[in-house]
Structure formats: structure tokens, C-alpha cells
Amino acid sequence: MKCGECREVDVGTTSRAGNLSRRDFIKICSAAAVYMGLPAAMGAKIAQAATARRLPVIWVSGQECTGCTESLLRTDHPDFAHLILDLISLEYSETLNAGAGEQAEAALQASVKAGGYVMVAEGSFPLKDGGIYCKVGGRTIVDIAAEVASSAAAVIGIGSCASWGGMPSATAVDMGGKSPTGAVGIAEALESKGVKTPVVNIPGCPPNGYNFLSTVLYFVTFGKLPEVDDKARPKFAYGRLIHENCERRPHFDAGRFAEQFGDDGHRQGYCLYKLGCKGPETFNNCSTLTYNDVGASAWPVGMGAPCFGCSEADVGFTAPLHSPARPIYVTPPALFTGVDGGPKGKATTGGALVGGAVIGAVVGAGIVTAKKTGKKAEEES
Amino acid sequence: MSESKPLGGKIFTRAFAVAFLFALIGGWFLIQRFAQGLGAVSNMSDGFPWGLWITYDVVIGTALGCGGFAMAILVYILNKGEYHPLVRSALLTSVFGYSLAAFSVFIDIGRYWNFHHVLLPQYWNFSSVLLEVALCIALYVAVLWIEFSPAFLEKGGGPQASKGVNRIMFIFIAFGVLLPTMHQSSLGTLMVISGYKLSPLWQTPFLPLLFLISAVAMGFALTVFESFVSSLAFGRPLETKMIGKLAGVIPGLLIAFLVVRWGDLAFRGAFGAAFGGGWPMIMFWVENILFILPVVMLLPRPNREKAGTLCLAAFWMVMAGAVYRFNVFLVGFSPAPGWSYFPAAPEIFVTLGIVSVEVMGYLIFVRALPVLPEPERA
């Protein structure tokens, strides 16, 4: 899987989606380089690669809510229009297709036939009963995904559903503890069909658009997928626990916890661990990247909602929302004491009285000692 | 070292009982501090993360404990052996002053369970002034106990027992002079980095020098004052002659201090703030009058032969240094509009408790160990 095998769509040096200057374009690529932990100078290389060829992308949607696309639509540098028109060539997407019906399916077939593209999978894929629970144009989505993936250079699973089944794979008691549709992630779905195209997962519900974008640009630039962990997540984005860089972490360390929604600690921005925050067991970069370019604290924990572990396979949609996390590295000592409480700052009557008495006593004692010393000196002489 | 001997006598006197009572009260509030957190007993806040405990117990407490340092400079560096009888009692004050300052840091820091981190190199931040102060004080506490150790050895084995230790003592004496020079000036540096938050009346790059000079002066002054107090308390003859000569150092130090202090104020054009109103103005003048008083009192030689005048001048000197430190660390410090700080009553009681422990320790040690000079040699 080398990007050299990718089909070149066209070469453009100016923006098709509006007034994106070259300077802004390089800024975008440099930012993406920084997200991935690459030197900012790599931005130029990324820009070069992204302008040299636009990567064709086929977007296959299974059992999904379109949340991942919606989230990606709200990224701002670059915005989605630049992404799909300048950086990649989005050839097929059920959400964004200009055409519909047979026209759209014909475009898909033409694109698959041409090959050399990257497939993005969104949503989960039902395997139960031959995959009949999700169909497009009369074919099961699993068959479509297998066909598209077999000619793809790589597969990117966007969102928790595509990564390992996500919400549709949640088990139900009246279904015998199994998912009603036998929903699985794209990797497992392809495996069941014997397709061996490499898969990288960008889990999250929804994932941060920049993690997806950076993965795409990495592929375009280096012709390979980024280094991944044991759950096929890029390490640049999912290498650290949310807890490690959380803005509320000092409260955790000092033992200041919100005990209930809306209580005093919750209002003061204390740690949400006791409300069931799964930050201590979830690997993601939410705490450092935040969402949607609206500034600081734009992520669940920043808003006062405990993390529910969406990007962790056996946490999000599996562990109860408000049960405490099972911290991976550090556990909170039970004996922490708070540093707040009690009257602040101004002199209280008690403090002023005691303080005044002490100063008076010290000065008095000093003078009395001097007097007595003088007297004693007279006696001695 | 036959010049010192234990005082003997009953340890549980009335003074000891009073100190014990205050120590108990302080202990009660300390239990509250550890059970319920800093906020339960202290008025400290995010704006004033340092309150009475650091300002008095550490910054002033260690300066009062500079007796050992000041006497070491005089006796060992300037080779004035005649003052040697005063060294051990000055050292004892330093031992308690510094040990309890370290303990005060432990009760003052919010995350006291990380206290040991200061001794672990992997946690060191080499651009931190506080690291220098903390390491220096930690090391100096150890050095002080070693410097004082002959008193313990002689208690058990007579005057000859400390011979071995005394042979290598010069190393520790050298450290005992070097370390306070470093951290007493760094205590000033701590507030240099607070920038504009400290009133122009006190903020100056000379803070380290001013802190060092005033610490040495306070060390001498407290040694003088303490000599009179122990003469009164234990019914011993006054040591006026030796003490009077020693006190001759103080005006010189204070004049040096005032020249730097006022010269700097004039050079920076900050003198206008001395008439700016409010607490900083009042405390500035209180401080300066306290500094000038001992100079006026001790400069004429005949005054230095009068025990009463000597004692009072030494007391004003100690107060001057203390007020100066209070001014730099609390009165002149304004982190941002709206913050204010005055110690809470329990906070003051904790400090009183710590001072009481010092007094009790001093009373026990001078009675049980050879600390005070033999009267006929004084």
C-alpha cells in the first residue's frame, strides 16, 4: 500500500472551494503536522503532497447517525468544503452526494473500478442474518463495504461504530445479551468477508475532525498509515489518557470532586471522577485538542459532563454512564482534604483580637525585660 | 569546651506550663488543619497562598535563628574567640528556629504528602528560587544539629567526649556560614520575582542584600536580647561587658542597611509612596523608626555599657527585622484587586504553639545540656 498506487484525480494550486490563499493552506497543513506531533516544518511537505494529488475517498455509511460527518462539517481549518474539494476528492458519500439513486450508485461503481482510493467507513456493520439489517440499493452494506474495501489502498474507520460496533453493538438483555443486529466494526466486518485491506480506527462519538483529517494528510504525505496502538488507533491522537492532560486534573490530585450534578463543587469546576468520568481509562486527545474551534473548554469535561469513554472499546456504550472509572495509572487517595472553606481574607474580630493581643504582649514583654535588666544591672553594680 | 555547663533545676516551671498550654492549643488547631484542610484554620487564599505561617515561622523564624550564623561569622571567620561562650546558646536558638521553620513549611503546604519531593532530585526545578531556599534550609537544619551535637556528647561523656567531632567541626561550621548566606538572601529573591505585586516601597533588586544584612543584624540582636532574658529568667549574673562589645556590631550593620534601603528608594524615585496613605504607608514608617531607634540608642559607646538600653535596643532591632519581613511578604504584597489577607485566630494560635514548643525546647535543653556559659567566665 503505497500512495504511489493512488489514482491522481487532478492537480490544483488554487482553491476550488473559495478564497483559500496558499498561505492559509500551508497554515492548515502545519497545524495538522503539529496535531500529529510532527515538526511544524513538515507542514510544507504535507502541503506539497496534498496539492500534488488529491486523494480519492469513498465514504461508506453503515448503521450510523451521521454524527461523525456532522462533526467533521464543523471543523474550521480547513473547513469541510476545503477538505473535500482541495485536499481530497470525495467521490461518494450518502450524506453529501450531489446526485442520488442510480446516478450516485453509478458514480460509486465507476470510482471503485478506477481503484487507488481510500475508503472511509462510518457506522457499524450488521452481520446477523446475512447482514439484512442495513441495505443500500438492495445490497447489504457489508457486501458493499467488502467490495469497496477490496480495491482500496487503506480503510479508515471513523467513529466508535466503525471502530468496533459502537452504540449499535450495545448488548440488550432481551436479546440474550447480544446486539440485536450483530453490529461490528469495519475491521471485523471485512475480516468476515476475507478482505485484508489495512484498517485504521478513529474512534469517538463523534471523533475530533482533526484526528481524522490528520490521518488522511499523513497518508497523503507519507504514503502509509500512521503508527497505531493495539486497537488500530493512531498513536499521535490516542497515545495518552484524557486524564493525563485534563484541565480538571489538579482538582483530582487535590481531592476536590463534584459529588452531584449542580452541587457546589460541580459549579466550581471540580474533578468529575465521582460523577463517573471515564477520563482515567480512556485514551484520546480531547483534553488538549478540544472541539470545533470554538475556544477553550469546548469538550464534554470542559462543559461539566463526565467523559463516557466513547473512544474506548469496552467503556463507551458498555460501562454504565455514572459508574466510577477504573483508573489505569493513578487512583485518587481517599484521605485528601480540601484547601477551601472558612472565611477568606478580611480580618475577623477573633483574628484581629488575637493578633493585637500577641503584638501587645510581645512589645510589652520586650519593654518590661529591658526595664528589669536595667534594674538588675543597678543591683549588681 | 569546659566553658558551658547544664543549668540543672526543675524543668516543669510556671513559664514551662504556660508554654505547654499554648502548645496544646496550637496542637488542637493543627489537628483541625490536617483533618479538614488548610481552609478550616487559615485565611490563606489563592491570592495569598503564603500567610502568617510562612511569613512568621519561616521567614522571620529563620532570621531570628540567624544567631548561630552571625556568631559563627564573628567567632570563626573574624576570629573573635572572646565571644565563643555565646556561640552555643545562639546555636540552640538557631536549631529550634530552623527545625520548626521546616516543620511550618510542612503544615503550610497544601499537598504535604508530597513534602519529601524536595529531597528527590527527579522533582527538582533548577530555575526555582524556592528550591534553593528549601534545599538550603533542609541542609542547614542538619548542619545545625551537627554543630550542636557536642552538647549532647559532653552531657554523657564529659568535656572530652566531643573531641572527635570537634576535629571535623570546621567543615560544618563552614557550611553553617555558607548556607544561611545563600538562603537568607534568597528569601528576598522570592519577592523580587513577584514584580509589581509588591509595593514599590519594598520591591527592589536589592531585596536579597537587604534580607541578608537584616538577618545578620537580627541574629546578633537576638543573641544580645536572649542573653539578658536568660540572665533574668535563671537568676544568672548579666553578661553586660561581653554583650556590650558584641552590640557594637549592630549600629554598623543597621547603618549599612539603611544606606542601601534609602539610597535605593531615592534612586528608584519610590519615596513618594511613603506618603501614599493606607497600611503600607503606616507600616513603612513603623519599620523605619524601628530600624533607626537601635542605631540612635547604640551608637554612643556609654549606652552600650548600660544593660537596660542594650536590651531595649536589641529588642527594637529584632522587631525592626520582623516588621520589615512582614511588610515585604504581606503588607506590601497585593496580588490583584480584591484580595486581602489577615491571619485567622486559629492560624495565630498555631504559630503561638510553635513558638511555645521552641521556648519549651530551649528551657529543657539549657537545663539538661551544657549550653549556657559558666557564670564566672561570662
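In which loop of chain A is A:Arg256 found? I looked this up before anything else. A:Arg256 sits in the loop between α11 (249-254) and α12 (264-267) of chain A. Helices here are DSSP runs of H or I with at least four residues, strands are runs of E with at least two, and both are numbered from the N terminus.

I noted the ground rules next. This is a predicted model, in which local features need pLDDT of at least 70, side-chain atom pairs count only at pLDDT 80 or more, and totals for chains, interfaces and linings use all residues. Residues are numbered from 1 along each chain as its sequence is written, while chains are lettered from A and ligands numbered from 1 in the order in which they are written.

**A:Arg256**

I checked burial. A:Arg256 counts as buried because it has 20 C-beta neighbours inside 10 Å. The cut-offs, with C-beta atoms placed from the backbone, are 20 or more other C-beta atoms within 10 Å for buried, 12 or fewer for exposed, and partly exposed in between.

**Chain A overall**

I counted 14 helices and 9 strands in chain A. Of its 381 residues, 44% count as buried. I then looked at contacts (C-beta atoms, placed from the backbone, within 7 Å). Among those between residues at least 6 apart in sequence, 72% join residues at least 24 apart.

**The sheet**

I traced an open sheet of 5 strands in chain A, in the order β2-β1-β3-β7-β9, with parallel pairing. Two strands pair if DSSP finds at least two bridges between them. β2 (88-93) and β9 (199-202) of chain A are at the edges with a single partner strand each, so one side of each has no neighbour in the sheet. The twist averages 25° from one strand to the next. Helix α9 (residues 209-222) of chain A packs on this sheet and touches β1 (55-61), β2, β3, β7 and β9 of chain A. Its direction makes about 155° with that of β9(A). Angles are taken between N-to-C directions and run from 0 to 180 degrees; axes are lines fitted to C-alpha atoms, for helices over the stretch in contact.

I stayed on β3(A). It joins β7 (residues 154-158) of chain A through 5 bridges, running parallel. It also pairs with β1(A) in the parallel sense, over 5 bridges. A:Val120 stands opposite A:Ile156 in β7(A), and A:Val120 is also the bridge partner of A:Trp59. A:Ala121 stands opposite A:Gly157.

How many residues of β3(A) are buried? I found 5 of its 5. A:Val118, A:Val120 and A:Glu122 are on one side, and A:Met119 and A:Ala121 on the other.

**Helix α1(A)**

I looked at α1 (residues 22-35) of chain A. Its 14 residues reach 20 Å from first C-alpha to last, close to the expected 20 Å. The expected span is 1.5 Å times one less than the number of residues. A:Phe25, A:Ile28, A:Cys29, A:Ala32, A:Ala33 and A:Tyr35 are buried. Just after α1(A), A:Gly37 takes a positive phi of about 75°.

Methods: Contact = placed C-beta atoms within 7 Å.
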